[in-house]
Structures are given as C-alpha cells and as structure tokens.
Amino acid sequence: MKNTAPSSVSFNRDVALKLSQHDVILTLLSAVSDPERVKKAFPQIIILKTRSPEYSATEPQLAGNGTYWLNGQHVSLLIDLKQVLSILPQSNAFRTLSLYLHDPPLVVLGDATTTPYWLWHKALVGDSQPFELSAGNDPDWRHLPWISILLFALLWVIVVEFVSRYLMYKRQRVLADLRAQFSELTRLNTMGEITAGMVHELNQPLTAILSYNQTALSLMKQERSAEIAPLLDAYVVQTKRISALLTDLRQKMHSDHVPLQPVGLKQVWSRVLMLLENEWQAGKVKIINHIPDDLPPFLAAPQWVEQILHNLLLNAIQAQQSNAPTSAWVEIAAQPTEKGITLTLTDGGPGLSDQALQNVFLPFFTTRQGGLGLGMALTQTLVQGLNGDISVENVAGSGARFTLWFPFNAEEQGR
Ligand SMILES: Nc1ncnc2c1ncn2[C@@H]1O[C@H](COP(=O)(O)OP(=O)(O)OP(=O)(O)O)[C@@H](O)[C@H]1O
Ligand SMILES: [Mg+2]
C-alpha cells in the first residue's frame, strides 16, 4: 500500500457504494441467472445460488475468511470483502484497512501490526450490510511538499515580522507623541508655577512699597518732610528684597545649585519682622522670641530661610485677623539638635482644620479669601531644597504650630 493521503470521506462513500451494488444485483437477479457471467462482472461475488429457506433475507451471514452471504428474495450471494476492498483503487493509499461487523475484523488489508499515525472509523451507510470501515495511515514525511511548506513558513515569518515592526513603530510614535505632550504640559506647568510663585512672593513687598509711598506723599503735602526718611529707608529695603527675590528666581531657573552661607536664625528673623512690620503691627500681633543667643549658625541659602519664615509669619498673622483684640501672638523657638537646628513657630490663631492639616502643603490649597494657596507649597519646596523637614500640628490652647528642621550643612545628606 502506498502512503499518500487519500480522503477518508470519499473512500467511505466508495466502499458503501460498492456494497450497495450487491443489493441492486440481488433484486435484479433471478434464480435462473447465469452465475458465471455475474461472477465475471463482479469478481467479489464468489458463489451465487438459490437462497436456502433457513437464511434470513435481512442480515448478512458471516462465512469466515472475510466472506459473507447476502440473501435476496430468491438468490444468495457469497461475497468476498477482500475483493471488495482491493477493487477500489484508493485502497492502496492506506497503510491498513479493515471491515467489521462486530469484533474481530472480518477482513484486514495491509499492515495492522502497529497502530498507524492516523486512524479513522466510520459506519457505512446501508441496512443490508451495516459494516464499519476502519482505515489507518502514516504520513510520508519524505514526500511532504517541504519546499512549499518552507516557503509558506518563510512568508509567514516575514508577515509576522512586518506586522510586529509596524506595531512597534506605531507604539513608538504614540509614545513619542505622549512624551512631547507631557513635556509641553510640564513646561506650561512649570511656567505657571514660577509665575504664580513670583506673584505670591512679590505681592507683599509691592503692597508695602505702595503703602510707604502713599504715607510719604501725604507727609510731604503736610510739609512734615523730616518723617519721610525712615519711610524711604523701608522702601529701599523692600525694593532690594524684590531684587533679591528675582535674582534668586533666576538662579533657581538656571541651576539647582544655590550658594550656601552660614545663616544666623536670629538675624534672619529680625529681618523678616522688619519686612512684615506693617502687617504684624496692624494686626497688633505680639511677637515672642525664644531663639537662644548662642544658637549655632547653619549652612544654607539665607534668602530661602528668609522666604520660609516670611511665609510662615504672614500666615500666622493672617490667621489671627479675627482674633479678639490683643489676643494675637506668634512665638518662635529654636534649639540645636545633633546634626541641625529645630525651629517651631506657634501662633494664637484658630489652628488648621482637619482638611487644611492634610492639604496645607499642596499647591493651590487655600481657605483664605484672596489667597493663592502657594505660600506653604513654596515653603515646603524650599525646606526640602535645604534638605530639611517641615510639619504642622495644632496645639491645644494655642493655634497652629509649624516645626522645621534644618541640617547644619544643607549639602550633607542624612541626619
Ligand atoms: N498659621 C496658620 N493658621 C491657620 N491656618 C493656616 C495657617 N497657615 C496656613 N494655614 C492654612 O493653610 C492654607 C494654605 O496656606 P498657604 O500659605 O499655602 O496659602 P494661603 O495663605 O491661603 O495663600 P497664599 O498663597 O497667599 O499664601 C491657608 O489657606 C490656611 O487655611
Ligand atoms: Mg500664605
């Protein structure tokens, strides 16, 4: 038998067709038909004889060695199944073929010693010869169309490679677009933050300058020019502060590195008190200073420390605007720790709400009318820029307490 792959479906149909021919022969033959002519035309028919009365007309009678009797109304045929299968040219295409009525098989063609790679079982259609056909085969690897298979595989690899490259390229494009959008957003965001930060930091000195100017003008009109000089001095201080803030901003935009200098907390605090003199005096805020005279200086950017204390004091003053008269106060205290300086700023205001305690350092969080919500966000950025810490709590019997820690040397990491 050859090992090409035939269609099992068409083979089943052919065998069934061949078997059904026997039914037709039985109907057409009569007891007087010439048996020799019939056998010649249908070599699978071995004997043709008048049907014995004891034979059933419905069931094939097995007669051994792959033969069976098929009984018609008048005639019986002894049919050789081996012949039936061998007449069909397609039989050669299978490694093994068998026909069953029940186990064991009635006839086996080919090599059935080992189980073939493929094995089909199929019941043949037909009432008079209800056999079951089993066909098995092995693939002939050598005769497979290897070149076509290889070409197809190669084509498939090229297609997969092309599609995956295309998808990768598309993904990279999407990522590049996203990155471009993101950097644009970041740029806008940074610009927005810088602008908002500038507005926040310049607002107070500009307001102070305006007020000094207005007072100086009205003193001039009243010809009290002797009182104008201190106002002009204060004006100069505030203008220099604006200039320092702008220099600092330029430095921040050009590099992350700020020059560090020894900072004396007492001096910075005095300067902040001077800068916010208008505010704390107008609010009748009592300033309590607990900075020890011998507090060691620490290495930091003085402008930054000034901005930090400025923002904290301004908030403390603003928080006590609705306090009972003469009940507003701010206390600053400081002490050295092993590697730095701890500083607390406590006030006599209402303290922070639960929501404010959680969000006070978030940009644009504000509960103050006209507030930008940037003071504490900027303050935290500056403290962290000096490798320090800042936290806030409410103190029973007082108001808010901000606790800060600055390392002796802002450039040294760790505590
Ligand atoms: N000492 C304080 N006492 C009570 N609440 C405070 C105090 N300091 C800050 N807060 C709360 O934290 C919020 C955020 O403060 P932050 O300084 O960041 O913004 P702001 O003062 O509202 O606006 P600005 O941008 O002008 O500073 C304030 O609106 C206020 O609710
Ligand atoms: Mg503020």
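1. A word on conventions. Residues count from 1 along each chain as its sequence is written, while chains are lettered from A and ligands numbered from 1 in the order in which they are written. As this is a predicted model, local features need pLDDT of at least 70 and side-chain atom pairs count only at pLDDT 80 or more, whereas totals for chains, interfaces and linings use all residues.

2. Domains. The assignment gives domain 1 (8-140) and domain 2 (258-407), with bounds from an automatic or database domain assignment. Taken over C-alpha atoms, their centres are 107 Å apart.

3. Ligand 1. The shell holds 23 residues, of which Thr-366, Gly-371, Leu-372, Gly-375 and Met-376 come nearest (near: C-beta atom, placed from the backbone, within 6 Å). Helix H8 (302-319) and helix H10 (375-385) are the elements that give two or more residues to this shell; helices are DSSP runs of H or I, at least four residues, numbered from the N terminus. By class, the shell has eleven nonpolar, ten polar and two charged residues (Ala, Val, Leu, Ile, Met, Phe, Trp, Tyr, Cys and Pro count as nonpolar, Asp, Glu, Lys and Arg as charged, the others, Gly among them, as polar).

4. H8 with H10. Their axes come within 9 Å and cross at roughly 150° (lines fitted to C-alpha atoms over the stretch in contact, with angles from 0 to 180 degrees between N-to-C directions). H8 and H10 are therefore roughly antiparallel, the word for angles over 145 degrees. Among the contact residues are Trp-304, Ile-308 and Leu-312 of H8 and Met-376, Leu-378 and Leu-382 of H10 (contact: C-beta atoms, placed from the backbone, within 7 Å). This contact has eight nonpolar, six polar and no charged residues.

5. H6 with H8. The axes of helix H6 (residues 265-275) and H8 come within 9 Å and cross at roughly 50°. The two helices are therefore oblique to each other. Contact residues include Trp-269 and Arg-271 of H6 and Glu-306 and His-310 of H8. By class, eight are nonpolar, one is polar and two are charged.

Conventions. Angles under 35 degrees count as roughly parallel, over 145 as roughly antiparallel, 65 to 115 as roughly perpendicular and the rest as oblique. Two residues are in contact if their C-beta atoms, placed from the backbone, lie within 7 Å.
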